[in-house]
Amino acid sequence: MMKKETPRGIVYQHIKKQILTKALFPGNRIVEEDVVRETGVSRTSIRPALLQLQYEGLVEIVPNRGAFVAKPTKEDLLQVYRMRRVLECGALEEAMEKRTDAQLQAMERNLEAQSVLTQHYSRQEYVTLNHQFHWLMVQMTGNAYYEKYLNEIYNRINTFLFFYDNAVDNNSLTSHLMIYEALRDRDLAKGLAGIRLDVDIALDDLQATELTN
């Protein structure tokens, strides 16, 4: 039997989908009356959902003004990417010891899809595949704390990628291949180099983007 979605879950998924499909843009106010009308839930379910989205970095709640889609600054994103590098280097070492053949095969399939994407680039597909790739590595750790903190970081980064990144191809494929091969071969040095390269590529894209500081 499928578990019935809670009212809080309905609101959470509705607002998150609106952000990721660009129905709501960074800086847009989230109007509670609209959410009630569009989802059919009561207003009491909205606040907990907004707090969860704020925790994940997708929403900012401003006292006496309301909730808004997060609008990260360049300095904020620089700090996010630096912290991602630190956490992913730790996660890689743990994942290397615990990864399974099934998880490696899932990563292989993801890389195959990324390779196909180089022939017909789509921003939305790239963001989805990029997120899935990194999340596969996080899941290999079996560590709930890596999942908790990197999930927030990835959501913050995904908002930037969806709305601001101007890349026109999958320039992360080389670094992703390095990370996969390192996990497969248990080659820590190669994996750390792959993560650093991946973050450096992202930082170069960020520096080329017009964002406020």
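This briefing covers the core, an aromatic pair, salt bridges and a surface patch of one structure. The model is predicted: local features need pLDDT of at least 70, side-chain atom pairs count only at pLDDT 80 or more, and totals for chains, interfaces and linings use all residues. Residues are numbered from 1 along each chain as its sequence is written, and side-chain values use heavy atoms, with hydrogens and water left out.

**Core and buried residues**

- The largest nonpolar core has 62 residues. Such a core is a set of buried Ala, Val, Leu, Ile, Met, Phe, Trp, Tyr and Cys residues joined through side-chain atoms within 4.5 Å.
- Helix α4 (residues 74-98) gives the most to this core, with 10 residues. Helices are DSSP runs (H or I, at least four residues), numbered from the N terminus.
- I30, Y81, M137 and L183 have the most contacts inside the core.
- M137 touches E88, A91, L92, A95, M107, I179, L183 and I195, leaving aside neighbours within four places in sequence. Contact means heavy atoms within 4.5 Å.
- H176 sits in helix α8 (residues 173-185). H176 is buried, at 0% relative accessible area. Buried means under 20%, exposed over 50%, and partly exposed in between (1.4 Å probe, protein chains only).
- Beyond neighbours within four places in sequence, H176 is in contact with L111, Q114, N130, F133, H134 and D198.

**Aromatic pair**

- The whole structure holds one aromatic pair. Rings of Phe, Tyr and Trp (its six-membered ring) pair if their centres lie within 6.5 Å; planes under 30 degrees apart count as stacked, over 60 as edge-to-face and the rest as tilted.
- W135 is in helix α6 (residues 123-141) and Y154 in helix α7, 19 residues apart. Both W135 and Y154 are buried.

**Salt bridges**

- A search of the whole structure finds 13 salt bridges. The criterion is a side-chain nitrogen of Lys or Arg within 4 Å of a carboxyl oxygen of Asp or Glu.
- R43 pairs with E32, the closest N and O atoms being 2.8 Å apart. R43 lies in the loop between α2 (32-39) and α3 (46-55) and E32 in helix α2, so the bridge ties together parts 11 residues apart in sequence.
- E181 and K190 form a salt bridge at 2.5 Å, N to O. E181 is partly exposed at 23%, and K190 is partly exposed at 29%.
- Salt bridges that share partners join E32, E33 and R43 into one network.

**Surface**

- Y55, Y145 and Y149 form a nonpolar surface patch with about 370 Å² of accessible area together. Patches take residues with over 30% relative accessible area and no salt bridge, joining like charges within 9 Å and nonpolar side chains (Val, Leu, Ile, Met, Phe, Trp, Tyr) within 5 Å. Accessible areas come from the Shrake-Rupley method with a 1.4 Å probe; for residues, only the protein chains shown count as cover.
- Y145, in helix α7 (residues 144-163), is exposed at 59% relative accessibility.

Note on methods:
Helix = DSSP H or I, 4+ residues; strand = E, 2+ residues; numbered from the N terminus.
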